[in-house]
Amino acid sequence: MAVIENERNYIAFISYRHRPLDMEVAKRLHKRIEHFIIPKDLRKDGQKKLGLVFRDQDELPISSNLSANIEEALDRSQFLIVVCTPETPKSKWVEREISYFLEHHDRDHVLAVLADGLPETSFPPQLMEGGIEPLAANILADNDRKRWKLFRVESLRILASLVGCPFDALYRREQRYRRRRSAILLAIVGLVVAAFIGMLINRNMQIKAQLEQSQRNESLALSTLSQSAFKEGDYNGALEYALQALPGPGGERPYVPAAEFALSSELGLYDKNVLHFEQSLRQESSIEGLDLSPNAELIATFDAYGTLRVFDAATGAQHWSSGQKSIATIEFVDDEHLLAVGGSGATMYSAGTGETLWEREDINTLTIGFQLRMRSDGRYDAVNPVVHERGLLLHTDNAGSSVLLTDLESGQDVRNLQLFDDGTERYCIAAALNRDANLAALVVRDTESNTAHLYFCDLDFGETYEHPQALPFSPVMTAYALRFSAYDDLLMACDDMEGDSFVRVYAHDDDWHPRFTTVVEAEKILQVVNGEPSYYAQVDLFDAALDRAIIGSKHELSMVNLETGELLWHHTLPGAIRGGCVYSNVCLSLVLSDGTVCFCTDDGVLTYTQDVYSANVGFPVAWAIAQGASYAESSFVLVSNDDLKRLMLLRFANGASMVEAGSTDDLVYRVCLVSSPNGKMIAGLGIGAYNSPVRVLLLDVDAGGSWNDFDLPLGYGFEDLGRLSMGDDGVLRSTGYSLDLRTQELSEGGDPNAGANDVLPETVGMSALPQALCRLMLTSGPAGHELLLAFSETGELRIIDVASGEVLHSYENSNSRVHFSATDTIYSARMNDGGDRLLVFVDNGKDVTSLCMVFDVATWECVGAFERVGAYLPGDDAVAVTPYLSGVYLSPFWNLDDMVKKAEAIVSREG
């Protein structure tokens with residue numbers, strides 16, 4: 001018989017079949033027995049462990065006589081443990097191991113583990129002799145998770161037999177041990193967790209500070225992106241960036257004043273006279289042409305593929321789109337009809353639904369007589385087909401031999417005048433219809449002779465007249481535009497890059513004799529009464545109203561008297577003309593290439609409601625159209641130079657209400673508003689031309705009218721707009737005089753500290769003041785604290801806490817987005833009703849432009865700056881705007897929550 005290595009003795013011999021489940025049970029049981037610690041009171045001879053276990057896969061050495069090794073192991077084992085499954089009785093090897101063990105040991109030293117099946121099918125016959133089942137651990141279960149959970153308890157039955165104690169005693173000890181071990185582990189874990197929590201709290205504070213700084217930096221970056229997007233014409237993107245930079249409803253990130261500044265600037269909530277974005281739209285393809293409905297409620301576009309789209313101007317939603325067809329131009333005939341014309345014909349659509357109302361193939365780009373305009377990229381745009389205000393369209397037939405007048409509602413011809421009968425190939429390249437729709441003018445190209453001729457057609461009598469003077473023409477480079485004046489004189493504009501560019505007037509009452517020709521030059525408009533023009537410059541804008549003509553060429557704008565040819569005025573514009581509209585009263589709106597929107601009156605003053613020279617939309621413009629029911633209610637559709645797929649609808653803000661006051665329209669160069677503490681009175685003071693009197697206007701805000709409107713001589717200190725104060729008694733005080741605004745009584749003894757110009761609190765040291773100090777002002781701060789505002793000649797503004805002398809904030813032109821100059825003067829400052837904003841009013845000392853700077857009292861950073869704001873009225877939650885002394889505009893003061901709601905409403909339209 002072979003000798004077992006080291007002649008080991010075993011506490012148990014595990015017998016099992018070499019199948020997956022049997023082997024796993026044997027392996028776990030082996031480990032459980034050898035690692036089990038015997039409770040102290042159950043140990044024999046101080047032995048802590050039960051001993052070794054024999055499992056043939058681990059303990060049986062390589063030998064030619066396997067049975068001898070196993071017999072030796074069985075001899076040296078105190079117990080035999082049989083792993084039983086339905087496969088166990090089939091094993092001859094297990095049968096021999098059990099039989100041999102029973103020959104040399106007692107039956108009560110044979111134990112079993114029922115791992116699968118029933119006892120009668122899983123126990124070998126040797127274990128069932130006498131009908132008595134052996135002591136067995138039952139780990140039967142329908143899945144492994146439950147089986148191994150049972151194993152932890154049932155294995156105690158095997159261990160109890162090996163130790164020689166009752167199962168319950170061992171089970172209770174096991175439970176107590178587990179509870180004690182869990183308690184110790186919990187205590188250890190608690191100590192570790194406590195230490196970790198302390199470290200985590202400290203670390204968390206650091207992380208939170210780092211996160212807040214990171215979020216603050218991110219918000220600053222988003223604010224910068226917001227302003228960049230705004231300048232590029234992406235209005236919705238600009239608002240979205242600004243909203244992301246703000247804390248949000250749950251305070252997800254720290255507040256950054258720059259985000260509020262961006263939002264307030266982009267919304268432009270405080271200035272009545274600034275052009276604001278109403279809508280920002282982007283389509284999948286580049287915009288080739290566009291139009292705005294007369295009521296400014298619909299926007300139509302078409303692309304190079306001939307896809308026509310119509311959008312809702314208020315919501316940005318696309319109402320409808322058409323299939324692809326040739327389109328050269330589109331125009332709203334009225335609010336309900338949209339005309340599209342191309343090389344293959346004309347189609348009239350229902351503007352709201354896109355339904356095709358009628359189609360005609362004989363109305364196309366060769367017959368309709370387009371007004372052509374050259375774009376900056378060298379291509380011609382076909383704009384403004386001859387759609388008459390009476391709903392008529394002037395065109396020729398496909399052969400060019402007849403002049404037709406078509407009713408646009410029905411698509412049927414109402415006039416048909418034979419123009420030619422000689423069979424020559426001619427077609428119309430420009431056309432115009434007079435106000436009474438009975439006289440037509442056409443520029444017709446003769447394709448055989450390659451010449452152009454001017455024709456007049458009397459549609460009532462069926463007569464035609466060919467003007468004897470031929471017109472210059474080049475097949476590629478020449479474009480014509482025609483307009484009738486209010487007196488039926490004909491205006492003709494010619495662009496000809498090969499030589500002649502001019503505007504000519506043909507007199508209706510002189511058999512269409514050319515009354516005069518105005519040459520268009522790059523630098524000026526030159527009148528030529530007799531003789532031919534000899535200078536070239538492109539005609540970008542050409543229109544007429546009453547007895548005057550507007551002519552625009554690149555950066556030049558002129559008005560000409562149609563009766564005499566006299567040049568009435570001329571302006572050099574800050575950008576090239578990209579679009580414009582002339583109204584019946586000769587008021588003109590212009591959109592320039594640099595994004596500036598200008599307005600012009602008939603006397604040549606570039607203005608808007610007498611207080612704005614121009615408004616800048618902040619990005620270059622490719623082209624634009626201006627549309628509006630009246631001069632004061634203009635709307636614009638623009639296409640950005642940077643993104644030809646994006647268009648913007650802009651309107652003038654109308655949120656401010658006007659409190660009418662005096663009747664004066666006199667120009668004043670400096671304006672100041674002084675309000676009484678209770679907000680019941682506002683005194684407006686304005687200085688006009690040099691050495692002129694001070695104009696005084698006293699307003700009763702509650703009544704909405706004026707008490708008085710009078711002049712005040714110079715020399716009493718009231719012309720120093722920064723050194724005035726007014727009490728609830730209606731007395732206006734300068735540094736040396738007092739003026740009772742109700743009685744106009746002037747007396748000596750004003751307020752020596754008016755405006756707090758010369759007051760320096762003892763708590764504020766000289767080191768807190770800026771260099772080149774020129775102005776001091778005391779004002780109330782939050783929680784009753786006094787603030788000192790110090791203004792320098794270099795444009796630095798410091799906010800100083802009077803109690804501590806601490807400089808709370810320093811605002812300089814060099815590092816800010818709001819600039820003021822050394823000539824500016826602080827003339828007023830106060831808190832808003834909510835106590836979270838400090839409003840500082842600055843007068844620039846030169847013209848009507850004043851500035852209101854808004855500071856957040858939590859950070860003392862500037863969160864807004866609004867031009868032409870003159871005062872804040874307590875209790876009314878409004879700022880007062882006054883560019884002239886004819887009245888005062890009252891605009892609401894917007895808090896941040898209101899700004900966010902307005903921005904979200906705008907952003908949600910495009911989304």
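Trp 320 and Tyr 349 are both buried, where buried denotes under 20% relative accessible area, exposed over 50% and partly exposed in between, for a 1.4 Å probe and protein chains only. The model is a predicted one, in which local features need pLDDT of at least 70, side-chain atom pairs count only at pLDDT 80 or more, and totals for chains, interfaces and linings use all residues. Residues are numbered from 1 along each chain as its sequence is written, and side-chain values use heavy atoms, with hydrogens and water left out.

Strand pairing requires at least two DSSP bridges between the two strands. Strand 8 (residues 298-303) pairs with strand 9 in the antiparallel sense over 5 bridges, and Thr 301 has Arg 309 as its bridge partner. In this hairpin, 4 residues separate the strands, and Gly 306 adopts a positive phi near 85°. Strand 9 also pairs with strand 10 (residues 318-321), again in the antiparallel sense, over 3 bridges. Here Val 310 stands opposite Trp 320. The hairpin of strand 9 and strand 10 has 5 residues between the strands, with a positive phi of about 80° at Gly 316 in the turn.

An open sheet of 4 strands shows antiparallel pairing in the order 20-21-22-23. Its edges are strand 20 (426-433) and strand 23 (463-466), each of which pairs on one side only. On average, neighbouring strands of this sheet are turned by 25° against each other, direction ignored; axes are lines fitted to C-alpha atoms, for helices over the stretch in contact, and angles run from 0 to 180 degrees between N-to-C directions. Strand 20 and strand 21 (residues 439-446) run antiparallel and are joined by 7 bridges, with Cys 428 partnered by Val 444.

Aromatic pairs were assigned to rings of Phe, Tyr and Trp (its six-membered ring) with centres within 6.5 Å, planes under 30 degrees apart being stacked, over 60 edge-to-face and the rest tilted. The count by this rule is 7. Tyr 10 and Phe 54 form an edge-to-face pair, at 5.4 Å centre to centre and 75° between the planes. Because Tyr 10 belongs to strand 1 (residues 10-15) and Phe 54 to strand 2 (residues 52-55), this pair ties together parts that are 44 residues apart in sequence. Tyr 10 and Phe 54 are both buried. The pair of Trp 320 and Tyr 349 is tilted, at 5.3 Å centre to centre and 35° between the planes. It links strand 10 with strand 13 (residues 345-350) across 29 residues. Ring pairs also join Tyr 10, Phe 13 and Phe 54 into a cluster.

Beyond its neighbours within four places in sequence, Ile 14 is in contact (heavy atoms within 4.5 Å) with residues including Leu 29, Phe 54 and Ile 81.

Terms used
Helices (H or I, at least four residues) and strands (E, at least two) are DSSP runs, numbered from the N terminus.
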